[in-house]
Amino acid sequence: MARGLPSRRRRAFVLLICLIFHALSAIPLPAAAEGLYLRAEFSATLLSGRGLDVKLTIPEAGRLTVTLERGDETPLPLFAMGVSAGSMNLHWDMTAGGEAVPPGAYTMTMALAPKDGSPPVKVREAIEIATLSTPYSDADDGSYWSMSPGEPDDRVIWEIMTQPITIYDDHFIGQSAHVYLKANPDGTGANVAQIHGLTQGLHVVGEVNEHGYALVEAFSNYDPEYLPRDADPLTDAYGLKRGYVKAANLRTVEVDRHIGLLVDILTQRLYVFVDGARVTELTISTGLGTVSKPYRETAAGEFITGSRKSAFWDEDTYAEMGLRYNGGSLIHQVPSLVVDGVRKFAAYEKDLGKKASGNCVRVPRALNPDGYNMLWLWQNLLEGVHYKVLIWNDIERVDTPRVKFPDPIT
């Protein structure tokens with residue numbers, strides 16, 4: 001997959017070419033006259049916010065029509081024009097009759113009616129117009145913060161997975177220690193968010209000021225110290241917050257460019273990327289926050305892996321293979337109850353595919369159909385190497401992501 005894609009703001013809709021993931025698609029269909037065909041090349045798998053560019057090879061002069069069809073609905077006319085033999089480029093802005101085409105699965109038909117009256121030559125492509133969720137931040141810098149949660153283009157995700165990350169590191173802080181973003185530019189005032197040092201990513205949105213502080217934003221972790229009395233403990237506690245930190249304590253860290261992880265709280269899936277390719281998905285359980293226990297929710301954001309815990313107890317459960325990524329939050333194998341010295345996983349494995357944990361990310365011990373599980377992550381994400389972990393939350397999502405493997409039967 002390509003790297004180094006330019007940053008760009010996206011409109012509400014994005015076009016997906018469903019037939020193929022590669023950059024070009026050419027589907028010649030034979031016409032009635034032997035050897036005569038119309039060739040269409042889609043210049044990109046996905047062109048967010050810029051419409052669709054199609055390169056056509058016209059075998060002979062005639063009239064070209066392009067329509068969009070969905071089920072039994074009346075086809076939407078997109079183009080109708082006279083054309084000459086040769087190559088031409090066609091750009092579609094994802095509108096019909098001046099109106100944005102609604103999301104859904106469609107068939108785009110390009111038909112050439114030759115001047116000699118022979119039957120039309122046609123090319124058909126299955127496409128999908130999908131809704132994108134709003135990016136977390138108003139920044140336009142090609143970062144995690146300006147990416148739409150549910151972004152369907154793996155090239156965009158991989159570009160962000162391999163970008164350096166900015167963390168808080170005052171050279172004394174531990175991976176589980178709390179740091180507070182402050183309300184005032186000089187580092188005074190109220191605490192506006194709680195973050196963790198060394199592993200949690202911060203988005204720098206302001207220059208260093210005369211006090212030596214910088215304005216940053218991040219998803220807060222739960223902490224009652226900064227929440228107003230009337231705040232919603234689930235939505236306000238984990239919201240995107242802006243505040244000031246001492247600029248000298250910000251450090252940029254390079255991340256591994258071989259493996260990256262994406263956690264989607266909406267789908268309850270962990271997606272594994274290797275060398276730019278999304279190689280599998282693992283059905284997981286993220287945190288289940290409640291009004292009485294809001295601290296059990298899993299925070300969104302971008303992170304890097306830190307220390308490891310080979311085994312640990314959490315109240316009455318026993319878990320193994322913990323990869324720290326956000327303070328006390330770990331990516332670990334689904335836990336078990338221990339009864340008379342026997343480990344019993346069933347009570348927790350049945351919850352895979354839905355929120356259930358105490359804010360960690362639980363990963364299956366059983367191999368999925370692609371041959372991946374928590375053991376694969378434990379063995380391939382090496383100690384001392386910083387791997388990027390991206391987490392999308394499920395708040396105000398309007399995209400409709402698909403999953404590859406069904407949830408466990410409970």
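1. Leu52, Val54, Val66, Phe79, Leu90, His91, Trp92 and Met108 line the second largest cavity. By class, its lining has 7 nonpolar residues, 1 polar residue and no charged ones. Two strands, S4 (52–58) and S7 (86–92), each supply at least two of the lining residues. The largest share, 3 residues, comes from S7.

2. The mean pLDDT of the protein is 85, with 85% of the residues at 70 or more. Over residues 1–36 the pLDDT is below 50, although this stretch has 118 contacts in the model beyond near neighbours in sequence. Residues 43–48 also have pLDDT below 50, and that stretch has 27 contacts beyond near neighbours in sequence. Where pLDDT is low, the predicted coordinates should not be read in detail.

3. On the overall fold: the protein contains 3 helices and 29 strands. Of its 410 residues, 50% are buried. Among contacts with a separation of 6 or more, 64% are between residues 24 or more positions apart.

4. The largest nonpolar core has 52 residues. Those with the most contacts inside this core are Tyr144, Leu270, Ile331, Val363 and Leu377. Setting aside residues up to four places away in sequence, Val363 touches Leu270, Leu282, Ile284, Ile331, His332, Gln333, Val334, Asn373, Met374 and Leu377. Another core, of 21 residues, lies apart from the largest one and includes Leu78, Leu90, Met94 and Leu112. Leu90, one of the residues of that other core, is also among those that line the second largest cavity.

5. How many cavities of 30 Å³ or more does the structure hold? There are 2. The lining of the second largest cavity, by contrast, has no charged residues.

6. As for open sites, the second largest pocket holds about 390 Å³ of space. Of the 21 residues that line this pocket, Arg296, Asp314, Thr317, Gly358 and Arg362 are the closest to its centre. Strands S23 (308–314), S24 (317–326) and S25 (329–333) each supply at least two residues of the lining. By class, the lining of the pocket has 9 nonpolar, 6 polar and 6 charged residues.

7. Arg251 is located in strand S18 (residues 250–253). Is Arg251 buried, partly exposed or exposed? Its relative accessible area is 34%, so Arg251 counts as partly exposed, since buried means under 20% and exposed means over 50%. Leaving aside neighbours within four places in sequence, Arg251 is in contact with Ile165, Thr166, Ile167, Asp169 and Leu198. The C-alpha atoms of Arg251 and Tyr168 are separated by 6.2 Å, while the two residues are 83 residues apart along the chain.

Conventions
Residues numbered from 1 in each chain as written. Predicted model: local features only at pLDDT ≥ 70, side-chain atom pairs only at ≥ 80, totals over all residues. Heavy atoms only, no water. 1 Å grid on protein atoms, 1.4 Å probe; cavity = no way out; pocket = protein on both sides within 12 Å on 5 of 7 lines; lining within 4 Å. Points joined across faces, edges and corners; volume = space filled by probe spheres on them. Helix = DSSP H or I, 4+ residues; strand = E, 2+ residues; numbered from the N terminus. Nonpolar A, V, L, I, M, F, W, Y, C, P; charged D, E, K, R; others polar. pLDDT = per-residue confidence, 0-100. Contact = heavy atoms within 4.5 Å. Core = buried A, V, L, I, M, F, W, Y, C linked by side-chain atoms within 4.5 Å. Buried < 20%, exposed > 50% of the residue type's maximum accessible area, 1.4 Å probe, protein only.
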